[in-house]
Amino acid sequence: MSPTILVTGATGAQGSGVVKQLLAQNIAVHAFVRDPTSPASLALQTAGAILFKGDYDDVPSITAAIQGCTGVFLNTFPSFTDPDGEGHQAENFITAAHATGTVTTFIASTVMRPTEEQLAAVGTQYPFVSYYYKQKKGVEDRVKNAGFKYHTILQPGFLMYNFIAPTTMYHFPDYPTTHIMKAHWGPDFEIELFDPADVGKFALAAFLDPGSFNGETLYLVNESLTTDQVAVKISKATGIEIGTGFYSEEETKAVLDAGTFPTAQSQRFFDGHRAEPKGKHLEKYGIEMGTLDGYLVREKNAFLKTLGVGKED
């Protein structure tokens, strides 16, 4: 049976990258989208993907989209009403995939996350961190135990689209207007970066050679840079001077106590639980990965628009 892959979140940065890589290899794609009339969806259709409308809680639409597929790329969405919402989303796709009798490879993209020991240590100090990452773990556990012939977990690091709108509002909300990237981690903290388009490269490799990636959990990070180093690169690429700032302990405590900026919890947690530098662990796969410099060239207009000086599309 010729390969056909269901790609969820197909219009997003990760999903669209997966679709692009698969189509470039003449692999048939079922693109799972919320709005098949959107420009992003129509662009996928023009490129050769078959569109399927649905959402992650709509089992009939999932079942229809997955018919005839040999593989699934799953990227779930956080739920802020159900503590196991992402796990339930994963269950819907796993159940539908098993029902087809044709799906042999299941790949889930989750997120950079703490180790089991770190997650256990979160306790009540960082409730958002605990809530968010336990949902991702719920997805991973279900995929690992689903019984597919092949499965792979991808854990992207800090995806570079977090420096452009609209996603940057969750990390550096004042930076688009002040041009100052202010963080709750320290100046020497290194952000583990990854080009979102490269998620598609690793997904393609796993679909083409599932045996080599079976059972693997790959932490996707290519370069680690401090906030100052990131600011210098954005400044050079855009011609706009980007500054940096770091909240004091008192300022951070006030934000955490107010509970108005949950991402502050993540920044503080990772600053206090720094991981060993990674990147070379991926070299064995022979996949060329992008750098922030390259991403800045490719997405220059998006950066300019984020900073209030770019042209509208």
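Helices (H or I, at least four residues) and strands (E, at least two) are DSSP runs here, numbered from the N terminus. Residue numbers start from 1 along each chain as its sequence is written. The model is predicted, with local features needing pLDDT of at least 70 and side-chain atom pairs counted only at pLDDT 80 or more, while totals for chains, interfaces and linings use all residues, and side-chain values use heavy atoms, with hydrogens and water left out.

**Exercise 1. Work out the strand order of the open sheet and find its edges.**

Step 1. Start with pairing: two strands pair if DSSP finds at least two bridges between them. That gives an open sheet of seven strands, in the order β3-β2-β1-β4-β5-β6-β10, with parallel pairing.

Step 2. Now look at the ends. β3 (50-53) and β10 (217-220) each have a single partner strand, so one side of each lacks a neighbour in the sheet. From one strand to the next, the twist averages 20°.

Step 3. Zoom in on one end: β6 (residues 150-156) pairs with β10 in the parallel sense over four bridges. Across that pair, leucine 154 sits opposite leucine 218 in β10.

**Exercise 2. Find the residues closest to the centre of the second largest pocket, and the main contributor to its lining.**

Step 1. On a 1 Å grid over the protein atoms alone, a pocket is an open set of points where a 1.4 Å probe fits, with protein on both sides within 12 Å along at least five of seven lines; lining residues have an atom within 4 Å of a point. Grid points are joined across faces, edges and corners, and a volume is the space filled by probe spheres set on the points.

Step 2. The second largest pocket comes out at about 600 Å³. It has 25 lining residues, and Ala13, Ser16, Gly17, Ala197 and Glu299 are the closest to its centre.

Step 3. Sort the lining by element: α1, α2 (39-47), α8 (197-208) and α13 give two or more residues. The top contributor is α1, with seven residues.

How values were computed: Axes fitted to C-alpha atoms, helices over the stretch in contact; angles between N-to-C directions.
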